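Trainee: Could you walk me through the ring contacts in this one?
Mentor: Gladly, let us look at it together.

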Amino acid sequence: MKEVLATKYLLVIGDGMADDPVPRLENKTPLQAASIPAIDRMAARGTVGSVVNCPPPLPAGSETAILSIFGCDPLQYFTGRSPMEAAAAGIVLRPGDAAFRCNLISVEDGDGPLAEKKLLSHSAGSIDGASALEAVEALLGDARFAGAMAEARMELHRFPAFRQIAVQHESDISGIRFTPPHDHLGEKAGRHFPAGNDRAAVFTRLMLLAHEILDHHPAAEKRRAEGKLPANGIWFWAEGTAVALPSFREQYGLDGAVVSAVPLCHGIGVLRGLEMVEVEGATGELDTNFSGKLEAAWEKLRQYDFVCLHLEAPDECTHNGDLPGKLQAIERLDSRLVGPLLERLEQAGEEHRVLLLSDHKTLTATRGHCGDPAPFLLYDSRRDTGNGGTYDEPAGEKGPFVDNGSVLLDLLFETGKSGKEEL
């Protein structure tokens, strides 16, 4: 008697790969211009629609979108990005604590004040891990900065990447406006300093002091000499307080794993009770370890019935103004991850359902995020819808519209709880 295998469920997120038409691509979007035969093969047999993952007035970014995609309505559960990233790092927030992303950034060179300098990179030129730690140690080893942090009741948790996490104890962030640096590249930094009330001044003071310390530090000068952008500043944003998310197993009856290079994705997974899978050499950039992520996803698909595979590279390439890189990232998602995984599932005789989507748009025109509906693809290996379409933004606009992204997993798992007709 033939063994009946459980259906495998694969969630694939190409971060920020959706876009608006780009004049340099003959007014096609990167998804339309890229060669993605494996994804388009699923689209031809499946359903392509559009979804709102970033409901106003919440931020148009992954902190909102991925929370939504993971089945948690952000209007109910969102308290800020950093608490979710802190969870991935094992940082426990106590009552009264607030967490912040503290990016290492690059601003333009010059003798003027930081406020008048333009933001060049939200990631200090995609800084490598060793250089990131060197910059952080330069700050924490400076008595002035260490003293200012202590006075502000703040701790800085070190990570080998541009993404650092700060925690403020006995914090009151009400009324303070913090701005994502990647949404304002090319603009003067001072326009986007923390603002809103007097309590914002402590964060601005730390940012000014950090720039003073880092701008001509040997680590920054070394990167300049190598033709790289220096880590000559820090930027506080993504503020938030502790968050609790419902159990994934209790909601969907499944366990699973999250394969990603991004702490935000891992943190949401951890808070939902999913396994966090870190892959050596997974950078969140175009040079990420694609083969390692493929093998990790396949291994977890053998262990669990649900796996999320997240690729950050399309988003980072867009923030960096690298259109050819964005196209490459989308094509590598198809050829190095999606295509091989589908082939292995088919060869193993595994029935599978796939939800593939861009969490939000990241616009080539602005290098920033956009909360407009993004295209999603729902595919079932057992069925052919006969739609015969492709996966891109125009196809999504012609297909079913989902106004609340938190129901997407109900559609993937066919729970019948989404309130939508089965797609």
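**Aromatic contacts**

Mentor: Arg-336 lies over the face of Phe-290, 5.5 Å from the ring centre; a charge sits over a ring if NZ of Lys or CZ of Arg is within 6 Å of the ring centre and within 35 degrees of the ring normal. This is a predicted model, where local features need pLDDT of at least 70, side-chain atom pairs count only at pLDDT 80 or more, and totals for chains, interfaces and linings use all residues. Residues are numbered from 1 along each chain as its sequence is written, and side-chain values use heavy atoms, with hydrogens and water left out.

Trainee: How many aromatic pairs are there?
Mentor: The count comes to 12 aromatic pairs, where rings of Phe, Tyr and Trp (its six-membered ring) pair if their centres lie within 6.5 Å, and planes under 30 degrees apart count as stacked, over 60 as edge-to-face and the rest as tilted. One of them is the tilted pair of Phe-100 and Phe-178, with 5.5 Å centre to centre and 55° between the planes.

Trainee: Where do Phe-100 and Phe-178 lie?
Mentor: Phe-100 is in strand E3 (residues 98-107) and Phe-178 in the loop between strand E6 (163-168) and helix H8 (201-214), so the pair ties together parts 78 residues apart in sequence. Helices (H or I, at least four residues) and strands (E, at least two) are DSSP runs, numbered from the N terminus.

Trainee: Switching topic, which residues form one aromatic cluster?
Mentor: That cluster is formed by Tyr-9, Phe-248, Tyr-252, Phe-306 and Phe-413.
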